[in-house]
Amino acid sequence: MNKNDNIPDTVKETFNYYKQGKPIKQIAELRTLKEGTIYNHIKVLILNRLINIDDIVSHTKKEKILNVLKEKKFEKLKEIKEQLDESITYEDIGCVLAFVNSQNNSKEDNFVNKYQKPNQKLFEE
């Protein structure tokens, strides 16, 4: 984790539990945090290429999300979610967006997608 010294200690603590093989729900319980908070940490870790997206989101779900992202620009996560079946969560979408941004060397809040059509933005700035 040396190259990522800018990662907050709370995210590093989540990463340590993750490396021990603990599931997200258990990490949340151990840390007395909400699962959503742990998923936010996971997104940072994916963005920094410390966790593989395929260990968090199934290949099938990831492909469904990527296919929706290819279709058009989206301004809100809700718009993406509405295009997907109910088995795909906002957490899944957020993790895939972090993965896409890790491939683009982008910041987490800049959802520019290399899978989109040329000259297409996913979210308005």
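Start by selecting helix α3 (residues 35-47) and helix α6 (residues 90-104), which pack at an angle of about 20° with their axes 8 Å apart. Helices here are DSSP runs of H or I with at least four residues, numbered from the N terminus. Axes are lines fitted to C-alpha atoms over the stretch in contact, with angles from 0 to 180 degrees between N-to-C directions.

This is a predicted model, in which local features need pLDDT of at least 70 and side-chain atom pairs count only at pLDDT 80 or more. Residues are numbered from 1 along each chain as its sequence is written, and side-chain values use heavy atoms, leaving out hydrogens and water.

α3 and α6 are therefore roughly parallel to each other (angles under 35 degrees count as such, and 65 to 115 as roughly perpendicular). Now show the side chains between them: in α3, Tyr39, Ile42, Lys43, Ile46 and Leu47 meet residues of α6 including Cys95, Ala98 and Phe99. Contact means heavy atoms within 4.5 Å.

Next, select helix α1 (residues 9-19); the axes of α1 and α3 come within 9 Å and cross at roughly 90°. These two helices are therefore roughly perpendicular to each other. Here Thr10, Val11, Thr14, Phe15 and Tyr18 in α1 meet Ile38, His41, Ile42, Val44 and Leu45 in α3.

Methods
Angles under 35 degrees count as roughly parallel, over 145 as roughly antiparallel, 65 to 115 as roughly perpendicular and the rest as oblique.
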